[in-house]
2 protein chains.
Amino acid sequence: MSAPLRLGIAGLGTVGIGVVKIMQNHADLLAMRAGRPVTITAVSARDQMKNRDADISAYAWVDDPVDLATRDDVDVYVELIGGDNGPARASIEAALRAGKDVITANKALLAMHGHQLAEMAEETGRLIRFEAAVAGGIPVIKTLTESLAGNAITRVMGVMNGTCNYILTRMESAGLPYEDVFEEARKLGYLEADPTLDVGGIDASHKLAILASIGFGTRVSFEGVEIEGIERVSIDDIRRARDMGYRIKLLGIAQITARGLEQRMSPCLVPADSPLGQLEGGTNMVVLEGDSVGQIVLRGAGAGEGPTASAVLSDIVEIARGVRLPVFGQPAASLRTPTSARTAVPAAYYLRLSLLDKPGALAKVASVLGDAGISIHRMRQYDHEDGPAPVLIVTHKTTPEAIDHAIEILPRTGVIAAEPVELRIEEV
Amino acid sequence: MSAPLRLGIAGLGTVGIGVVKIMQNHADLLAMRAGRPVTITAVSARDQMKNRDADISAYAWVDDPVDLATRDDVDVYVELIGGDNGPARASIEAALRAGKDVITANKALLAMHGHQLAEMAEETGRLIRFEAAVAGGIPVIKTLTESLAGNAITRVMGVMNGTCNYILTRMESAGLPYEDVFEEARKLGYLEADPTLDVGGIDASHKLAILASIGFGTRVSFEGVEIEGIERVSIDDIRRARDMGYRIKLLGIAQITARGLEQRMSPCLVPADSPLGQLEGGTNMVVLEGDSVGQIVLRGAGAGEGPTASAVLSDIVEIARGVRLPVFGQPAASLRTPTSARTAVPAAYYLRLSLLDKPGALAKVASVLGDAGISIHRMRQYDHEDGPAPVLIVTHKTTPEAIDHAIEILPRTGVIAAEPVELRIEEV
């Protein structure tokens, strides 16, 4: 059996401790599968004295992750600190320069600086693996990089932030408004320190940008993602959408069109009986489409100690087995710089209008939509005692431009009591 | 860029031609991802003159696959002939002995002779990769072997024969009996030359045995699979199951229990609203469960030119990239010989009885079940004009032994008009 592969692990939060536990519990199994022993030499975290759910006394303690990353007795540096800069980035760069392979779960860092890190990895002849960065335990990086290597990827999409999906499904099941469920989620510890990363769609967009890079052979372009979070999703819309046979999900979609690379993260309606529509709680789902394979759907836990640590172990065993792949699946220099395009692919839309009780109100709305070239597929007007009447419209397929135009014109009709709500309906 | 990887492809049916087409259409993309050109040097099939959907004139033609497999200008032998013996086996063995890596889609061969082939591959220092052997385009071999390498696998299950799933869903949607849909499927070319391979559950069992070996680190044991096909599934049961909220699927399940390795392929009831329950037509679904990752669900096309060729390309690019893994994920000598055990895990069961119109008939049935330790969760007796009354029973969880015992005793009550039907209900 070959020499042991020696790891240095920085960051002993949920995921780091999860990795330590698997390494301790499954040492023999891992050695068998990897073809060599895999050991932890040293660890680093902010507080050595913190009470942890695993015994780390056998490992050298290092205060500074940069020192850990460059130790002579470390072959692979495992970065589980997080953050798109600071010690995470500094220690990864130090590790590469010191000739270490790198494993990270850091989606923000890869989305912001992934291309520069990939170039550095190639210069130094080292690896960066990051299965845990996207969708927790779901093997989406490996599937896209390796299993679909014979395909021109045509579309990548998914629900990739478990916290948002928890909030949306909990709003529906408990009938609670966004603010209440947001507070619940905060108390349960489901939210990042900066909750905007979750509910603002940023974390999920980091993941989408990484998948788009691998799938389409383009430089990772987080700044090219059109992002809208779930903050404006109301319990009203969740209920109305349900009435019409849909559920609302924070859905990311990336595809290459004639106009360029479209990457969008936004609350969308999906058919309630579709796999994405049925996704409950913190579960993630990623849909990959290729010209030969058709559609592949992957579902699993998108976060949590076990699933995320399982993904880190996938990278550890891969490196121990001697597998060496380019960071984004092909040489960094061959990744094209994408032209970012706003979404132009036509779709059906859901519109919720608040209609004043005036004669001809509905006719005026219909006329604005018609003038914008939007035809109506289904419409429902709900009972109203006093005040404005809620009107729901599901359009036939139309362009985002047409919808934007209609939304701009509608208030000028004088029959609309509140800002119209529009949500895209995705066929999945 | 390194030297080209040179393939010899034997078998130019649907999958073989699919591979040729991808290689021709995506040569640059493949070279970029693989880090080197990938080329076809020679091909072999039964009939050189056959009209094919791809131009193969640039490749050397070889009549005998053994000759193809041992050519000096072939680095990797791609076996797409099929069959658990004969030219497929002979040519793969010849390829290994001649120092060639092997890619195959041949589930029957791997299920029957996989261990011996793995030993031969290790002796000769070569690879056998077979992503296309299980569930077409779904990356289940890679996920199990690599992505879940940090997990003790606890259960593997799936719907892995698209033809059976097509027949079952078509029976339901068209309201047709098994025989009629079987004829349809035959005319559509969905059935193997020997249809028993499909409808008898054998093909799906080959796949299950392969997955069990990788997942549990045991020698592949096809003979240890309890197999029941879909031939006895009636349109009646499909309808009744639907009434009770279930759908019938040909489901394979493998798990290690204290009694040994349980591998079972049989028609089962699954909740109609579960991911497995919603699987339509030829789509496959594989569910993998590990102690850290929890449950991973993979869905996609289980057969067809594009999806299966996509899986073969995954292996081709993997070998071109220099990835070298043991056949079943760990050294052949370390694979344990499993003790095969009949399924003993308790489950709920669906029973359909045909009850004679006699006083106390239902009481007699209930008493037999009670004596066998089986408690009833739900029961429905249907209208009957003349003759026996259909009675449906969903039991609480019980053992297969208890059910077998009850089924044996029931006819002795004198109130049963036909052989009882029992189907296991799986929680998925």
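Predicted model: local features only at pLDDT ≥ 70, side-chain atom pairs only at ≥ 80, totals over all residues.
Residues are numbered from 1 along each chain as its sequence is written, and chains are lettered from A in the order in which they are written. Local features need pLDDT of at least 70, side-chain atom pairs count only at pLDDT 80 or more, totals for interfaces use all residues, and hydrogens and water are left out of side-chain values, which use heavy atoms.

Student: How much area do chain B and chain A bury between them?

Tutor: The size of an interface is often given as the accessible area lost when the parts come together. Buried area is that loss, taken with a 1.4 Å probe and summed over both parts. Here 50% of it is on carbon and sulfur atoms, and the total is about 3900 Å².

Student: Which residues of chain B lose the most area to chain A?

Tutor: Three residues together make up 17% of what that side buries. They are B:Arg33, B:Arg299 and B:Arg321.

Student: Which side chain of chain A meets B:Lys142 in a salt bridge?

Tutor: A salt bridge puts a side-chain nitrogen of Lys or Arg within 4 Å of a carboxyl oxygen of Asp or Glu. The count between the chains is two. In this one the N to O distance is 2.7 Å, and the partner is A:Glu146.

Student: What stands opposite B:Arg299?

Tutor: Strands are DSSP runs of E, at least two residues, numbered from the N terminus, and two strands pair if DSSP finds at least two bridges between them. Strand β12 of chain A and β12(B) pair in the antiparallel sense over three bridges. Opposite B:Arg299 in β12(B) stands A:Val297.

How values were computed:
Buried area = accessible area lost by both parts, 1.4 Å probe. Helix = DSSP H or I, 4+ residues; strand = E, 2+ residues; numbered from the N terminus.
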